[in-house]
Amino acid sequence: MNDMPGKVELNKDDQVLLDKFLSDNRLFLGPDPEIMRNHSIQPRSKMEASALARDLDTHQVHHVRGLINAALSEAFTMVNQMGAAPGAKWGDLVTGVYTAQGDLAMIAPHGIIAFAACCFYPIRFIIKNWIDDPTVGVKDGDGFIHNDARYGGVHNTDQSMMMPLYWKGELICWLSSTIHEGENGACEPGGMPAAAESKYDEGIKMSPFKVVENFKLKRDLVTFLQNSVRDPKLQLEDMKVKLHAVMRLRERMLAILDQFGKDLLVGTLRKHLEDTETEMRRRIAEMPDGTTRVLQFMDSSLRENCLQKISLAITVKGDRLIMDFRGTAPQFMNRAVNTNIASFKAALCTGLLQNVWPDLPHTMAVLSPIEIISDRNSIIDAEGEMPQAMSLMPMFKACVAWTIPMNKFNYSVPTKYSAVIASQYDQAATFIYGGLTQHGDVTGNFCGDINGNGQGARSHADGEHSVSPVFGFMCDSGEHEINEEDTPIIRLGAQRIAKDRIGFGKYRGGMGYEQIATARGSGMWGFMTGCEGSKFPSAQGLFGGYSCPSYQLMKIKGINIFEELKADPNVVEVFDIVKLMNEQPIKNGHYSSNDMGMTFELCNEGEIYMICQGAGGGYGDVLERDPEAVMKDLREDLMSHANAHDIYKVVYDEINLVVDVEATAELRAAARRERLQRSKPFDEFVAEWVTPEPPANLPYFGSWNDNTRIYAQNPAISMKVVMDADKLQGVFMPNPKDLQIAGLEAQLAAANAALEACRAAGR
Amino acid sequence: MKVLVTEYLRINLDSEMYECRRCDHVLISARENYKRGLRVYDRDPREIHKPLVDPKMYARTYSPDPLWCRILEYYCPNCGTMFEAEYLPPGHPPLHDIELDIDALKLQWKDRPEVKEPAIGPDLALEKVKSGRSLHAGHKH
C-alpha cells in the first residue's frame, strides 16, 4: 500500500506558478460560478469611465438611446418576420445590446426580456475564455452561438447569436439575437422534454462557441448542429435569420458611432445602466422598511403529482431589497423541473418589469441592486448535472413571485408607477408537438397560443382575458393558420373563453381560452403538455381575491373526429370542453380527465386533446363586486348563474338580469354574518389547524414550519427525509410506470390469492 | 396619521394599531401579525372552484384537490370583510405575510401628507399589449 504524500507548503512564487499552470490547463471550461452567480452590473471599465468623464449632453444621450432602440426594434422585426420557428412568429425572441464587458444595456421594445436578461452570461464567458485563447480568439466578423442554459439562458430550446462590434479596431459592445427555436434533439420532440431524467436527455448542449467568421456561418459546424436535431431546415434557416438581424443591428450601431463617436455610444449604454440602478434604489427607498412574504406551491414534477414549495421573503431596508428564497424544495436528480439560479434570476428580472415597474428601462440594472439568497441544490438553484429541460416551471413562478409581496409594500407608497395587479396565470398552457408533418418533414415544437395567460385582477378593474404569456407582455399573437399549414394540427376549438374558470374577487382575474386540438394527415404525430396546477391552483389572488381554479388535460381517445363528422356533421353541437366531457356526444370514445403534465404521447388521426389557458388571480372580497359587473359576466356568458348566486351573492332576475339591489344587500350582509359565525379567532384556529409536519399521505418537498429544515417526502416509496437547508441533496424519484406496474402486480396477486382461496374452499 | 397597507388594512401610526379600512374596527397592535386580529375559516376549495365536469364520471373536475389544498379565509371580526384568501396544504402554518418596521414607518411618514385613498397607477404592461395588438390589427395574410 502506498503512503499518501502530505500536503506540501509552497512558497509564494511556486504558488503563483501552480495557479498559472492550473489556469492555463483547465480540463473543462464548464459553467463558471464567478460569472453565473453574479447578476449585477460590473464596475465602470476604463472606456466607460473615460466616456462619462466627458460630461455627456443629456439631449444627445437621449437621442442616441432612441436610435439604439429603433435599431433593436428593426432587428427584432427582421427576426419576427423571417424566423422559421413558431416562437419567432409570435415574438418569442429578442435582440439586445451589451457593453464591451458584457453588461446587458438595452433590449428591443418587443419580445422576451428574459432571453436578453441571461445572454450576458455567455458573453461574459466568451470575454473571459475565448478572447485571449489562441485557438479561438474574438475578432470583427465573428459570431458565437449557444443554447445551454447552464452557461446562461432560459432553457435549451433557445439559441442565441452573439456578435462583438468593433469600431476602428476596438471592441465597443456586443449584439445578440435569441429565438425560442423549439426542437433541439432532446429525448422528446419540441425541445422541452419533461421526460428528461438527466441533462444528457436534453438534446444538444451548446456551450458558447464560434460559428461565424467573416460574417459567414461555418458550414461544418452548421452541419454538425443540423445533424443533432430533428428539424435541420429550421436549424439552418434561423441561424441565418439571427445572423443577418444582428448584422443589420451592427450596421445601425456603426452608423451611430460614425455620427456621434465612441464616447457618446459607450457613455449612453453605461448611463442607461447606472441611471436605471439609481432609479431602482430610489423606488425601493420609497417603500416601507420591513418584510413581506409569499409561498408558491407547484403540484407536479410533470411526471407525477407532488407539492414543491417555493418560499420567498422580501425584505426592504432603506434602498436595499433582499429576496430570500431559502426554505424552497430540494432539486430533483431525475426530473426536469429544476432551474439554475442564473436562469431563475432572468425570470425575476422579467417579472419585475412585467408586473411591478414596466416603465423602467429594460436592462439588467433593474436586478443589479437586488440581493438574492437561495439554498444551494434547491429546485431554483440546482447544480449543473441536474436535468432542467422544464425549468420553466419554477421560472414562471419567479415571474409572478413579485406580485403578492411587492403589492404589500407598494400599496402604501403615495406615488404609484404602475397598477396594483394580482398574479397572472403562470403556466405554459399550450400543446408541444412532434412527429411527421403532412409534408413529410420531421418536426417538433410548440404552439403560439401559449401567449394567452389571463391577467391578474387589478385594484381598479377586472383583469384582461388571455393577455400575454406570463414571461412576455411584449409578444404578438400566435397564428393558427400558419400552424395548420405547417403541421397536421387541426384546431377544433380555439380562443373560446373558458367559462366559469375564474379567479373570483371584487375584480375578477382575466380569463383564459380553451384549446381543442387533433391531428390529420400524418403517419405519426403526438402531443405533450407541461403545466402544473391540476391539484393546487397556480395563480394567486390578492387582498381577499381567490386564485384561479385547477385545470386539467381532457382527452377523447379511440375515435376519429373526422370520420364522425363525415358520418354525422351534427355529432358535436359545439366544441366546448365541459359540454363534450359531460355529454359525451361521440359514442365509443374513451373520455378521460388528466393531469396537465403529460409526457409525449401519440395522437392517432382524429383523437381529441383539450386544455385551457388559465385565469389570473382575483382582487378583493367577492362580496364587494359590483352586482352590475356580475350581470355583465353573465351577459357575456363568462359565468354560470350558480356562481353569481353562490360566490357573489347577487339577487337578480335570471331572465332579464335585473338586479334586486336591496335583496342583494341583505343577502351579502347575511353572508358576512355567516362568515363570523363559522370562523374562529386566529390563535384558536392555528392551535387546531397547524400540524408539526406535512400530512403523511402527501408527496411534499420543501420546508414546513422552519425554513432551515427541508422535507423530502414521497409516500409512494415510503421515503421521508428531513435535511438541513444548507446541506441539501438531490431527490431521486421512482419511475411512475414502475409504481404503476407494482400496483397492478399487487392487484393481480390479491386477485390470485382470492381465486386460490375460492378454489380451496371448493367454490 | 394613518398609513394604508392593503385594500382592507391600515396602520394608525399614533396608536400603533392595525385597523379595518371598511369599518374602522381596531384589530391588533401593528407590531403583531395582523392576522391575529382576524377570524379564520378553513374553506373546502370545491365550494369556490366548483366541479365543472361530473365528479361521478371523472376524478379531476377543475376543482382543486381538497386533500392537497385548502383555502384559509380571513375575516374582519367586526364587519366580516374578507382580507385574504390563503391557499395552503392542509395543516401548513399560515404565513406571516406582512411584517413592517413600525419605527421606520413613522419616520418615513413624518413629512408625508396622509393618503386616504390609494392612487391608481397606469397599467403599462397592458397598454403595451394593446399597442402591440393594434399595430397588427390591420395585418393581412
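User: Is Gln438(A) buried, exposed or partly exposed?

Analyst: Count the C-beta atoms around a residue. With 20 or more others within 10 Å of its own, a residue is buried; with 12 or fewer, exposed; in between, partly exposed; C-beta atoms are placed from the backbone. Gln438(A) has 17 other C-beta atoms within 10 Å, so it is partly exposed. One caution: this is a predicted model, where local features need pLDDT of at least 70, side-chain atom pairs count only at pLDDT 80 or more, and totals for chains, interfaces and linings use all residues. Residues are numbered from 1 along each chain as its sequence is written, while chains are lettered from A and ligands numbered from 1 in the order in which they are written.

User: Where does Gln438(A) lie, and which residues does it touch?

Analyst: Start with the elements. Helices (H or I, at least four residues) and strands (E, at least two) are DSSP runs, numbered from the N terminus. Gln438(A) lies in the loop between β12 (428-436) and β13 (442-446) of chain A. Next come contacts: two residues are in contact if their C-beta atoms, placed from the backbone, lie within 7 Å. Not counting residues up to four places away in sequence, Gln438(A) touches Pro488(A), Gly521(A) and Ser522(A).

User: How do I read Thr328(A), buried or exposed?

Analyst: Thr328(A) has 29 C-beta neighbours inside 10 Å, so it counts as buried. Thr328(A) is in the loop between β10 (320-324) and α11 (341-356) of chain A. Beyond four places in sequence, its contacts include Lys309(A), Asp375(A) and Gly702(A).

User: What does chain A look like as a whole?

Analyst: Chain A has 21 helices and 24 strands. Buried residues make up 55% of its 763 residues. A compact globule of 763 residues would have a radius near 27 Å, and the 28 Å of chain A agrees. The C-alpha trace spans about 85 × 70 × 65 Å along its principal axes.

User: Which domains does chain A have?

Analyst: Domain bounds come from an automatic or database domain assignment. Here that gives domain 1 (58-260) and domain 2 (449-620). The contact takes 16 residues from domain 1 of chain A and 16 residues from domain 2 of chain A. The C-alpha centres of the two domains lie 32 Å apart.

User: How many residues of chain B are in contact with chain A?

Analyst: Count the residues on each side: 70 of chain B are in contact with 83 of chain A. The largest share of chain B's side, seven residues, comes from α3(B). Now sort by class. Ala, Val, Leu, Ile, Met, Phe, Trp, Tyr, Cys and Pro count as nonpolar, Asp, Glu, Lys and Arg as charged, and the others, Gly among them, as polar. Chain B's side that touches chain A has 41 nonpolar, 13 polar and 16 charged residues.

User: Which strands pair between the chains?

Analyst: Two strands pair if DSSP finds at least two bridges between them. Strand β21 (residues 680-681) of chain A pairs with β5(B) in the antiparallel sense, over two bridges. Pro681(A) stands opposite Arg39(B) in β5(B).

Methods
Rg over C-alpha atoms; globule rule 2.2 N^0.38 Å.
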